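Visitor: I would like to go through this model and ask what lies behind the words used for it.
Guide: Go ahead; here it is.

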Amino acid sequence: RVEQTIADAGLEHFDSLGFVGVFRSEQVGTGRKSVTARLRFRRPDATLRHEDVDPQMARVTTLATEALGASIRG
């Protein structure tokens, strides 16, 4: 579901998604898991800057929260 949510997001300059790890514990919560994902953005004709990618990441965060009930761990 995570992969499909990101794929359906229509992210500008999105290149690939990789899952780094999955963690389950009481700290995360019963029936929940912590997923670490690496999203890669790429633009062949220019260097991307934070101001290009940050809005895309904010969109991913919003969609994950709404569609998956996700939350960002700090």
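Visitor: Which residues does lysine 33 touch, not counting residues up to four places away in sequence?
Guide: The model is a predicted one. In it, lysine 33 touches Val22, Phe23, Arg24 and Val28. Lysine 33 sits in the loop between S1 and S2.

Visitor: Why is lysine 33 called partly exposed?
Guide: Its relative accessible area is 45%. Buried needs a value under 20% and exposed one over 50%. The 45% of lysine 33 falls in between, so the residue is partly exposed. Lysine 33 also lies 9.6 Å from alanine 70, C-alpha to C-alpha, although 37 residues separate them in sequence.

Visitor: How many helices and strands does the protein have, and in what pattern?
Guide: It has 2 helices and 2 strands. Along the sequence they follow the pattern α-β-β-α.

Visitor: What makes phenylalanine 14 and phenylalanine 41 an aromatic pair?
Guide: The structure holds 1 aromatic pair. Its ring centres, those of phenylalanine 14 and phenylalanine 41, are 5.9 Å apart, with 75 degrees between the planes. Centres must lie within 6.5 Å, so the two rings pair. Planes over 60 degrees apart count as edge-to-face, and therefore 75 degrees gives that label. The pair links distant parts of the chain, with phenylalanine 14 in strand S1 and phenylalanine 41 in strand S2, 27 residues apart.

Visitor: Are the two phenylalanines buried or exposed?
Guide: Phenylalanine 41 is at 14% relative accessibility, under the 20% limit, so it counts as buried. Phenylalanine 14 is at 29%, between the limits of 20% and 50%, and is therefore partly exposed.

Visitor: Which residues form the largest nonpolar core?
Guide: That core has 7 residues: Ile6, Ala9, Leu11, Leu39, Phe41, Val53 and Val60. Strand S2 and helix H2 each supply at least two of its residues. In soluble globular proteins, nonpolar side chains tend to be buried together.

Visitor: Why is glutamine 56 called buried?
Guide: Glutamine 56, in helix H2, has 12% relative accessibility; the limit is 20%, so the residue counts as buried.

Visitor: How do you know that glutamine 56 makes a polar contact with glutamate 12?
Guide: A polar atom of the glutamine 56 side chain lies 3.0 Å from the backbone nitrogen of glutamate 12. The limit for a polar contact is 3.5 Å, so this distance falls within it. Beyond residues up to four places away in sequence, glutamine 56 touches Leu11, Glu12 and Phe41.

Visitor: How do you know that the buried residues of H2 are on the same side?
Guide: The buried residues in H2 are Val53, Gln56, Val60 and Ala64. They cover an arc of only 80 degrees around the axis, which puts them on the same side of H2. An α-helix has 3.6 residues a turn, so residues three or four places apart point the same way. The buried residues of H2 pack against helix H1 and S2, while Glu51 and Glu66 are exposed on the other side of H2.

Visitor: How far does H2 reach, and what comes just after it?
Guide: H2 has 19 residues and reaches 25 Å from its first C-alpha to its last, close to the expected 27 Å. Just after H2, glycine 69 takes a positive phi of about 70 degrees.

Terms used. Residues are numbered from 1 along each chain as its sequence is written. Side-chain values use heavy atoms; hydrogens and water are left out. A nonpolar core is a set of buried Ala, Val, Leu, Ile, Met, Phe, Trp, Tyr and Cys residues joined through side-chain atoms within 4.5 Å. Buried means under 20% relative accessible area, exposed over 50%, partly exposed in between (1.4 Å probe, protein chains only). Helices (H or I, at least four residues) and strands (E, at least two) are DSSP runs, numbered from the N terminus. A polar contact is a pair of N or O atoms within 3.5 Å; within protein, one must be able to donate a hydrogen and the other to accept it, and residues adjacent in sequence count only if both atoms are side-chain atoms. Contact means heavy atoms within 4.5 Å. The expected span of a helix is 1.5 Å times one less than its number of residues. The arc is that of the directions from the helix axis to the C-beta atoms. Rings of Phe, Tyr and Trp (its six-membered ring) pair if their centres lie within 6.5 Å; planes under 30 degrees apart count as stacked, over 60 as edge-to-face and the rest as tilted.
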